[in-house]
Amino acid sequence: LLGTSMNVNMDSVTEIFLKLLFLLSAHNRHMAVAGNKYNCDDQLVSALPQSSFSSSSELSSSHSPGFARLNRREGAGGWSPLVSNKYQWLQIDLGERTEITAVATQGGYGSSDWVTSYLLMFSDSGRNWKQYRQEESIWAFSGNTNADSVVYYKLQHSIKARFLRFLPLDWNPNGRIGMRIEVYGCTYRSEVVGFDGKSCLIYTINQKLMNALKDVISLKFKTMQSDGILLHREGKNGDHITLELTKGKLSLLINLGDTKTHPSHAQINITLGSLLDDQHWHSVLIEHFNNQVNFTVDKHTHHFHANGELSYLDLDYELSFGGIPVPGKSGTLSRRNFHGCFENIYYNEVNIIDLARRH
């Protein structure tokens, strides 16, 4: 989709509705067979090859990172760095972007070497790292108190990444750093589209036919640029909603285009987040139900009432992702375009990227 503009039209609502009914019924049958549970707790480390493990250093060849598998006794029974200090790390390459839901640690087999606390970092590239955070701060995991007991930790927020790093903070004072680890999760399914600053993805819909009681838009984005249009929704009367990255912050601008009827509430501007141009994935969720609007960036949500003005938005509209088409010039964009990647764009449960790929 690089360098192109695409129009997706809903020509046959009845046909799509019947297809959705079929897909939903098939999905419900599958969920019934599966016990209506979402399982994402597979062991991810045990089957990895030696080449998937790396570390800051190793005490000897028998203490190499490839021996850091949980409950295994090969080599010296685990990974130990050359020097025990807070600059050491153990890294795993999962081979592809993966959803990680839990981790477990253990000390070196039959030794006095174990880690009592550690940090967790993750990355898609193996170069640009981000620290796991919980309760609005960097989270230090409680580790082990002996060499053989397994300490399991279910992550409050799952991680989507290819690379994972364990950074020891403290260890047994009568021993040294020693680790065996396991990571739990499942394959992360995603649809990704790239924008080069000259392209956009356009979705046109007749809302009167769909009669949606609730509007929900969700997506993830990753960029190195501090400015750019992520989303623009415009009606025929000039009313619009724009989601824009400005100086690394996300701004949700609602222009109702009805200054005569509601002059004091014609425009609403809400800003969330900071440093969002760090080349990490960030999630966005916009929910509109009656007068209530929920705007969420990562884990931070701003709730506000539109005082009824959103009902004045034109019901026949188009959504554009990555830029604002110039009126009357289909396929051309304004100067503020997004340069980066979007993942899993959904509008009212419609997979926009998949729809664009198929049409």
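In the predicted model, the largest nonpolar core comprises 37 residues, of which Phe221, Leu230, Leu243, Leu250, Phe295, Phe321 and Phe342 touch the most other members. Helix H3, spanning residues 352–358, supplies the largest share of this core, with 4 residues. In soluble globular proteins, nonpolar side chains tend to be buried together.

The surroundings of Leu243 illustrate the packing within the largest core. When residues up to four places away in sequence are not counted, Leu243 touches Ile229, Leu230, Leu231, Leu250, Ser251, Leu252, Val284, Ile286 and Phe295. Of these contacts, Leu230, Leu250 and Phe295 are also listed, together with Leu243, among the core residues that touch the most other members.

Lys249 belongs to strand S17, which covers residues 249–255. Because its relative accessible area is 41%, Lys249 is classed as partly exposed. With residues up to four places away in sequence again left out, the contacts of Lys249 are Glu244, Thr271, Leu272, Gly273, Ser274 and Leu276. The C-alpha atoms of Lys249 and Thr271 lie 6.8 Å apart, although 22 residues separate the two in sequence.

At the level of the whole chain, the secondary structure amounts to 3 helices and 24 strands. The chain contains 359 residues, 47% of which are buried. Among contacts between residues at least 6 apart in sequence, 72% link residues at least 24 apart. The accessible surface of the chain is about 18300 Å², and carbon and sulfur atoms account for 51% of this area.

Conventions
Residues numbered from 1 in each chain as written. Predicted model: local features only at pLDDT ≥ 70, side-chain atom pairs only at ≥ 80, totals over all residues. Heavy atoms only, no water. Helix = DSSP H or I, 4+ residues; strand = E, 2+ residues; numbered from the N terminus. Buried < 20%, exposed > 50% of the residue type's maximum accessible area, 1.4 Å probe, protein only. Contact = heavy atoms within 4.5 Å. Areas by Shrake-Rupley, 256 points an atom, 1.4 Å probe, with all protein chains shown as cover. Core = buried A, V, L, I, M, F, W, Y, C linked by side-chain atoms within 4.5 Å.
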